[in-house]
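The sequence and the model are shown first, and the description follows.

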Amino acid sequence: MRIGVIGAGAWGTALAQVAVQGGAACLWAFEPDVVRSIREEQENTLYLPGIPLSPAIRVTSDLADLAGSDALLVVTPAQHMRAILAGAPVGTTPLLLCAKGIEAGSMALMSEVAAEVCPEAPIAVLSGPTFAGEVAAGLPTAITLACEDAALADRLAERIALPHFRPYTSHDVIGAEVGGAVKNVLAIGCGVVEGAGLGRNARAALIARGFAEMSRFGRARGADPATLAGLAGLGDLVLTCSSEQSRNFTLGLGLGRGQSAASLLADRRTVAEGAATAPVLVEAARRAGVDMPIAQAVAALIAGEMTVEEAIGALLTRPLKNEAQ
Ligand SMILES: NC(=O)c1ccc[n+]([C@@H]2O[C@H](COP(=O)([O-])OP(=O)(O)OC[C@H]3O[C@@H](n4cnc5c(N)ncnc54)[C@H](O)[C@@H]3O)[C@@H](O)[C@H]2O)c1
Ligand SMILES: O=P(O)(O)OC[C@H](O)CO
């Protein structure tokens, strides 16, 4: 199976490194500098510095070079996915969506965007606790591969599996997507807790109550609760809420230390998906009648509508209630 990878940020590059170990892999990069550095130095110096890449990875700046792929891994940031897919040679080629976010404006999950732009393509989702640098360095990793077509899920999982990279198949595309999109927003909140010095109890409370928000939103979108309790939900939430390797967590860390979102996001090359997803998630939750106070606080901090003290105060003064609600 020839694999095309769309997007050569840290995660697309790591996935090309995985895919090339099981067959041909061609990686499309948005920036010519990335194409040059991978071709000439076998390293993505912009997005995944310090990791030697396999010379067998073909790299291109022309999406047309991905024609004839047997599957396409789509790894552009969520807010660029629609535009990039529209220019890609997709047709009936299966798409394995790897971005974690909700599209601004449409409030669509990535599978909904892909279904609109590429109506003939079968769709699968790859999501879970996976820092790109660790995957590319060959450290053990497990991930959810979700697809309604179980036979396609099995084929894709077999194609990308390695002894240190274990995909677990699932039927639940929506659950895998909700987990990945919501955990990024919550990771910003955990970074705030850390940056503001609120302690480990507060961080554990945010993870647990954040998971309750993720579960409520997932239920409203039709997710299987088992998916959210697995790698793509709780697994990724725990990873991203506990490490400065996370761009979302470090964004929150800066907010918690009193820096403004505008200054933290200005001129940033790497993506912190939770910043774009937070306001969309809050609006989607409001329309669905789902209570998401932590996500609301994160969105307000990013918009500069609340200080850290106000956000914390708002969360701590909510009426007492039953934990199951
Ligand atoms: N990095 C990780 O560890 C990791 C792991 C799992 C999932 N993801 C998800 O993968 C997706 C990609 O993240 P990443 O970490 O590879 O990105 P990155 O932060 O390493 O790189 C930024 C990416 O944005 C692209 N980009 C910038 N401007 C663009 C434009 N105008 N049009 C199209 N592309 C543009 C760049 O080419 C690059 O691919 C995100 O949704 C992220 O949540 C990342
Ligand atoms: O660096 P982050 O916060 O985008 O997290 C990366 C991955 O999503 C972790 O699974």
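## Basis of the description

Domain bounds, as used here, come from an automatic or database domain assignment. This is a predicted model, in which local features need pLDDT of at least 70, side-chain atom pairs count only at pLDDT 80 or more, and totals for chains, interfaces and linings use all residues. Residues are numbered from 1 along each chain as its sequence is written, while chains are lettered from A and ligands numbered from 1 in the order in which they are written.

## Two domains

The assignment divides the protein chain into domain 1 (3-171) and domain 2 (181-316). Their C-alpha centres are 25 Å apart. Contact between two residues requires C-beta atoms, placed from the backbone, within 7 Å of each other; on this basis, 19 residues of domain 1 meet 19 residues of domain 2.

Helices (H or I, at least four residues) and strands (E, at least two) are DSSP runs, numbered from the N terminus. On the side of domain 1 that touches domain 2, strand 7 (141-147) and strand 8 (165-170) each supply at least two residues. Strand 7 provides the largest share of that side, three residues. Ala, Val, Leu, Ile, Met, Phe, Trp, Tyr, Cys and Pro count as nonpolar, Asp, Glu, Lys and Arg as charged, and the others, Gly among them, as polar. By these classes, the side of domain 1 that touches domain 2 has eleven nonpolar, seven polar and one charged residues.

## The two ligand shells

A residue is near a molecule or strand if its C-beta atom, placed from the backbone, lies within 6 Å of it. Ligand 1 is surrounded by 25 residues, the closest being Gly9, Trp11, Phe30, Ala99 and Thr270. Helix 1 (residues 10-19) gives the most to this shell, with three residues. The shell around ligand 1 comprises 14 nonpolar, eight polar and three charged residues, and at least three residues come from each of domain 1 and domain 2.

Around ligand 2 there are 13 residues, of which Thr130, Asp236, Ser246, Arg247 and Asn248 are the closest. Because domain 1 and domain 2 both give residues to its shell, ligand 2 lies between them. Helix 7 (173-195), helix 10 (231-240) and helix 11 (247-256) each contribute at least two residues, and helix 10 has the largest share, three residues. Four residues of the shell around ligand 2 are nonpolar, five polar and four charged.

UniProt positions are given in the numbering used here, feature names are shortened, and annotations may be inferred rather than shown by experiment. An unreviewed UniProt entry lists Lys183 for "active site". Lys183 is in helix 7. A residue is buried if 20 or more other C-beta atoms lie within 10 Å of its own, exposed if 12 or fewer, and partly exposed in between, with C-beta atoms placed from the backbone. Lys183 is buried because 33 other C-beta atoms lie within 10 Å. Leaving aside residues up to four places away in sequence, Lys183 touches Met214, Asp236, Leu237 and Thr240.

Gly191 also belongs to helix 7 and counts as buried, with 29 C-beta neighbours inside 10 Å. Its contacts, again not counting residues up to four places away in sequence, include Asn248, Phe249 and Leu255.
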